[in-house]
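Here is a short report on a helix, a chain contact and a domain contact. Start by viewing the structure.

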Amino acid sequence: MNRNRPLLLLAVALAACLAWSAPEYAAAERNIILATTTSTQDSGLLDVLIPAFEKKTGYFVKTIAVGSGQAMAMGRKGEADVLLVHSPEAERVFMAEGFGTGRRLVMHNDFIIVGPAADRAGIAGMKSAVGAFRKIAASQALFMSRGDSSGTDAKEKAIWRAAGIKPEGQKWYQETGLGMGQTLNVASEKQGYTLSDRGTYLALKKRLDLTIQVQGDRGLLNIYHVIEVNPEKWPKVNAAGAKAFAAFVTAPDTQAVIGAFGVDKLGSHLFFPDAEKREEDLGR
Amino acid sequence: MELILDGLRKAFWLLVTMDPEVFGITLLSLKVSGLATLISTVVGISLGALVALARFPGKRIVVGLVNTGMGLPPVVVGLFVSILLWRSGPLGFLGMLYTPAAMVVAQAVIATPIVMGISIAALQQLPQKLTLQVLALGATKPQLARILTKEARLPLLAAVMAGFGGVISEVGASIMVGGNIKGYSRVLTTATVMETGRGNFETAIALGVILLLLAYAVNLVLTHIQQRERPR
Amino acid sequence: MSAPAAVIEGKGLSVERGGALTLDVPYIDVREGEVLSLIGPNGAGKTTLLQTVAHLVPFAGEIFFRGRRVGSDYPVLAYRRSLAMVFQEPLLFDATVFENAASGLKIRGLKKAAIREAVTEALGRFGIMGLKDRSARSLSGGEAQRTSLARAFAVRPEVMLLDEPFSSLDPMSREPLIEDMEAAVRTTGTTTVLVTHDLMEALRLSDRIAVMYGGRILQAGPAEEVMNAPADEFVASFVGAGTLLKGQVNGAKGDDVAVITVAGRQIEAAGRIARGERVTLYIRPENVTLSIPDGGAAEGPQVTSARNVIPGVVTRVASMGFYQKVSLDCGFPLVSYITGESREALSVAEGRRLTVSFKATAVHVIKKS
C-alpha cells in the first residue's frame, strides 16, 4: 500500500469519530447521566418522561439502565449524576455514607407473587408475603429468583430473611440471573412461583401461564426515590443537571403524568405518584 | 417454532413499514460497526504487513499475542475501555463514555486483532521466494508491501469480513461503553438483549433477523468485491 | 586478448548460516556480454551466490557494479534495478500475462506507452503475445516460465540472473524455451549469470563456467578449460572427463557428415552444418578407442567405421578403479577410457604413440557459437 494512504484513511476515520461526538464534548454541562434500573426502563415510563424533560430544559439525558446495585455503585464513583432507584435499604446506606445530596420520594408500585394456577403451595389470596414464602418453602414448590442484585431481587431476599428461611442451594429454588421479563417466562414455562413487579407482569400477562397469587402486602411496596449524587465527592458530577431532573420528576405536572401512565395500554395504573408524601405513610 | 415465525413476521412488518426506531437502530449499527471495521482494516492490515514481512527477535511471541487477541472476549474489551473512559479514568476528560464514538473505539479494539491476525497468516502463506522476486524486480519496501498485499487480497478481504462479523454481532462491549441509550447509542444487538430481557421475544427475534439481513447484505457486497477481483 | 570489462565484481563474499559458512567466495566477476554458468551439485552454494550477487540476502563482503561499490557508491535500489532475476518457479502475480510482464516496468515508474512497447517486445521474444490477456493461474508450466522470462527481459536489464529456470519444466517444454532464451540473450547481448546443475545446459549456453562445491568456487574459466583441464579431482569428477573442442566447419562429406577443423586437424562429425560455422564439440571418453599404430604409420587405413582416426601421444595415465583414464595429445587434448586389460595389452604409458579413433556419431556438436 502507498505509505501515506493507510495513515490518511485512519486520520479521516478518527476525525469522523471525534466529529461525531464533538457536540457532546463541547456541551458537557448539557449532559446528564441518569443511572436507573432495568425494570424502570422496561416499564416504558422513562420513554415518556425523558423526552419531556429534555424538551423542557435542553439537557441531554443518558439513561443507563443497570441493576440497582450497579446504579448505586456508579453513584458512588461519580460516574452518574442522578439516580432513580428502588432499593430503600441500600439507598439509606448510600446517603449515610455521604454519596448523595438529595433523596426525594418519587413514586411507588408494588410487587406481586405470581404462580401457576394449580397453586401447589396453596398461597392464593394470602395477605402476607412472608407467610406465602413460608408455605412455598414448606411445600418445596418451584420458585424462580432473579438472583441478579436488582431491586426486585433485593426485595425478594428481604422477604426470605423476614421469613427466617435460607432458600439458596435448595433444589426448588432456582436463580435465573435474568431480567424480570425473562424470569417470568421461565417461571411460566416451568410452572413455578416468582416475585415480580406489577408493571412487567401486566405487560406480559397475555403470554404467561401465571396468575397473581398474593398482593397488597405493605411489604410488597416498591418505592422509588430520585437521588442527586454529591458533587463534593466527585467534582465532575453535573449537580445542576441532577437538581433539575430531581425537581422535574417531583413536580406536580410530571407526577400527574406518572399517575396516568399505563392506564390506556394495560388498563391499570403502573405507578403511584408520591412526591408529596412521606415514605412511612405509604401503603396505609 | 411458532415464536420464530412470529418473529419473522414481525421483522418483515418492521422492514416494510420502515419503522423509524428500528430504522434508526439499524443505521446506527451499520455506522458504528462500519467505522470500526474501517479503522481496524487500516490498522490491522498495515501492522499485519509489518509483522509478517519484517524479521525481528520475538516475532513468534508477537504473532502469538495477536492470535490470542483474536479471541479477546468483547466484554473484557468493553470493561477496559469503560474504565479508561470513566470520568475518574485517564481519558475521562474526553467525556466519551456512553456515546457511539466510544462504541466505535471498543469495536475497533475488538476487530483489529482479528484483521491483523488473519492478515499475517494471509501474507505468510505467500510463497517465500515471491518476496525475493519482487525485490529482484527492483521494488522499494513500500512497493513490496503494496504488491504482496495485492497478491494476498483474497484472504485479506476475508480478514475484513471476519473483522466486520466480529463487531456487528458484538453486544457486551457495546452495552458497557454505549449505554444502550434510546435513539442515541442503541444498536441492533443491544436492543435485542433489552427486548429479550423484557420478555418481548417476538421483537427480539425480529431484531435478530434484521441483524442477520444487515450482516448478509454487507458480506454480499464484500464477497462480490473479493470474487470479482479474480481475472478470468 | 584482454578480457572484457567486469560488470559485476564480488569481493570477499561470505554467508553464514547456523554457524557454518554456506558461501565463501573471495572473488567473482561477471564480464560484459558473457554468459557465466554456476554449476555444481545441490547444496554447493550456487543459489546463495546468485542471491548474494543480486543483493537480495544479507552477506558479508563487497559488490561492485561497474567499479562502484554497491551500498556506498551506488545505491542498492539502483543496483537491483539494473538486474533482473528469474527463479526455478515462475512466481507470477495473480494477474494477466501482460500485467505480469509489465510489473518490473511499473515498479520503475515507466509510462503506459513505454510499458506497452517494452512488454510487447518481451512477450514477442518468448512467443507468448497471444497469451497476453490470459490469467496467470491458467498457464501451463512452460507458458508461466516464459512469462517470467518475459517479465525479466522487459526491463532490459544490464545483467540477467537465472536460477535453474528450466529445471522444473518437462523435457518437451524445456528445449524450445532454452532456444528462445538463448536467442534472446544472444540478440540483446545481455550479460547473464546462469545457475544450473545440468552440465550440458551450461556447456551449451555459457562462455565461462564456475564449478562450485561447499560454498566455494573450485574453478572458473572458459568452458573448454574447465572441461579439459579440471583444477582438481572434484571438478574433474563433476564435469566428467569428456573433451570439449572448438573449431570451424570447412566442408562436408556426403549428406550427413561435417568436416571441422580443430587446431589444424580435421574432425568428422555427424550432422549437417553450414560451412564457416563455428562450433563446440564434445567427445565422451568412453567413445575414444586406442589402438597400436599399424606398422608405425601415423594414420591407419580406412577399415573401420570410425571416421576419425588420428595419431596421438599419451600424456598421462591414471587408474580410476574400474577403468583407466588416458589423456592424449592429438594436436588437441583428448581423453579416453580403457580397461586395465587394454592398458596392459597396448602398453599404455606416458609418451607412447598410439592411434586414436572415434566415430563421427560420437562427436556431439553442443552449440554453434
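What covers the buried residues of α7(B)? The cover includes α2 (20–53), α5 (100–124), α6 (128–136) and α8 (153–168) of chain B, together with α3 (97–107) of chain C. Helix α7 of chain B spans residues 141–151. Its buried residues are Gln143(B), Ala145(B), Ile147(B), Leu148(B), Thr149(B) and Glu151(B). Buried means 20 or more other C-beta atoms within 10 Å of the residue's own, with C-beta atoms placed from the backbone. Helices (H or I, at least four residues) and strands (E, at least two) are DSSP runs, numbered from the N terminus.

The model is predicted: local features need pLDDT of at least 70, side-chain atom pairs count only at pLDDT 80 or more, and totals for chains, interfaces and linings use all residues. Residues are numbered from 1 along each chain as its sequence is written, while chains are lettered from A and ligands numbered from 1 in the order in which they are written.

Chain C also meets chain B: 20 residues of chain C are in contact with 15 residues of chain B. Contact means C-beta atoms, placed from the backbone, within 7 Å. On the chain C side, α2 (76–80), β6 (83–86) and α3 each give two or more residues. Of these, α3(C) gives the most, with three residues.

Chain C has domain 1 (6–239) and domain 2 (243–368), according to an automatic or database domain assignment. Their centres, taken over C-alpha atoms, are 35 Å apart. Six residues of domain 1 of chain C are in contact with eight of domain 2. On the domain 1 side, α8(C) gives the most, with four residues.

The table gives both sides by class (Ala, Val, Leu, Ile, Met, Phe, Trp, Tyr, Cys and Pro nonpolar; Asp, Glu, Lys and Arg charged; the others, Gly among them, polar).

| Domain 1 of chain C, touching domain 2 of chain C | three residues | one residue | two residues |

Definitions and conventions. A residue is buried if 20 or more other C-beta atoms lie within 10 Å of its own, exposed if 12 or fewer, and partly exposed in between; C-beta atoms are placed from the backbone. Two residues are in contact if their C-beta atoms, placed from the backbone, lie within 7 Å.
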